[in-house]
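Here is a friendly walk through the side-chain contacts of one protein model. Have the sequence and the coordinates open as you read.

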Amino acid sequence: REVYVVGSFSNWQTKIRLTREDDGAFSTVVQIVPGIHQYKFIVDGEWRCAQDQPRCLDSVGNENNCIEVEEAEAPEETPIDQDPTRDEPPSPRNSYSCPPPDPGQ
């Protein structure tokens with residue numbers, strides 16, 4: 001079975017192939033700019049809407065699936081000394097203030 005997705009996010013010009021997952025579902029990842037986009041699937045050469053996803057009509061009355069992509073929020077910045085995911089370096093904290101070695105020695 002060949003499944004593609006096509007949509008307004010590429011001006012209906014690019015067919016993006018979906019891959020079959022182990023559970024039988026088809027999927028892909030598409031980078032889409034924020035906004036409302038319409039799309040449709042091509043399954044074995046036949047254009048189809050997904051019945052379990054939101055649908056809308058285009059300007060000439062064709063039924064398409066639609067999705068609203070929102071602007072991604074910038075991640076909050078955590079000060080490095082308060083980041084719980086950061087591992088402590090192997091050197092002891094009191095060594096951080098030691099002066100660098102003298103290269104002339």
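Cys56 is accordingly in no disulfide. Cys66 is buried, at a relative accessible area of 17%; buried means under 20% relative accessible area, exposed means over 50%, and partly exposed covers what is in between, with a 1.4 Å probe and protein chains only.

A word on the ground rules: this is a predicted model, in which local features need pLDDT of at least 70 and side-chain atom pairs count only at pLDDT 80 or more, while totals for chains, interfaces and linings use all residues. Residues are numbered from 1 along each chain as its sequence is written, and side-chain values use heavy atoms, with hydrogens and water left out.

## Aromatic pairs and a charge over a ring

How many aromatic pairs does a search of the whole structure find? The search finds two. Rings of Phe, Tyr and Trp (its six-membered ring) pair if their centres lie within 6.5 Å; planes under 30 degrees apart are stacked, over 60 edge-to-face, and the rest tilted.

Trp12 and Trp47 make a tilted pair, because their ring centres are 6.5 Å apart and their planes stand at 40°. Trp12 sits in the loop between strand 1 (3-7) and strand 2 (16-17), and Trp47 in strand 6 (residues 46-48), so the pair ties together parts that are 35 residues apart in sequence. Strands (E, at least two residues) are DSSP runs, numbered from the N terminus. Trp12 is partly exposed at 30% relative accessibility, and Trp47 is partly exposed at 46%.

The pair of Tyr39 and Phe41 is edge-to-face, with 5.7 Å from centre to centre and 90° between the planes. Tyr39 is buried at 10% relative accessibility, and Phe41 is buried at 16%.

Tyr4 has a charged neighbour: Lys15 lies over the face of its ring, 4.5 Å from the ring centre. The rule asks for NZ of Lys or CZ of Arg within 6 Å of the ring centre and within 35 degrees of the ring normal.

## Salt bridges

Side chains of opposite charge can pair when their charged atoms come close. A salt bridge is counted when a side-chain nitrogen of Lys or Arg is within 4 Å of a carboxyl oxygen of Asp or Glu, and by this rule there are four.

Why does the pair of Asp44 and Arg1 tie together parts that are 43 residues apart in sequence? Asp44 lies in the loop between strand 5 (35-43) and strand 6, whereas Arg1 belongs to the segment before strand 1. Arg1 is exposed at 59% relative accessibility.

Arg17 and Glu2 also link distant parts of the chain: Arg17 is in strand 2 and Glu2 in the segment before strand 1, 15 residues apart. Arg17 is partly exposed at 45%, and Glu2 is partly exposed at 39%.

In the remaining pair of the table, Arg55 is partly exposed at 37%, and Glu63 is partly exposed at 37%.

Terms used
Helices (H or I, at least four residues) and strands (E, at least two) are DSSP runs, numbered from the N terminus. A disulfide is a pair of cysteine sulfur atoms within 2.5 Å.
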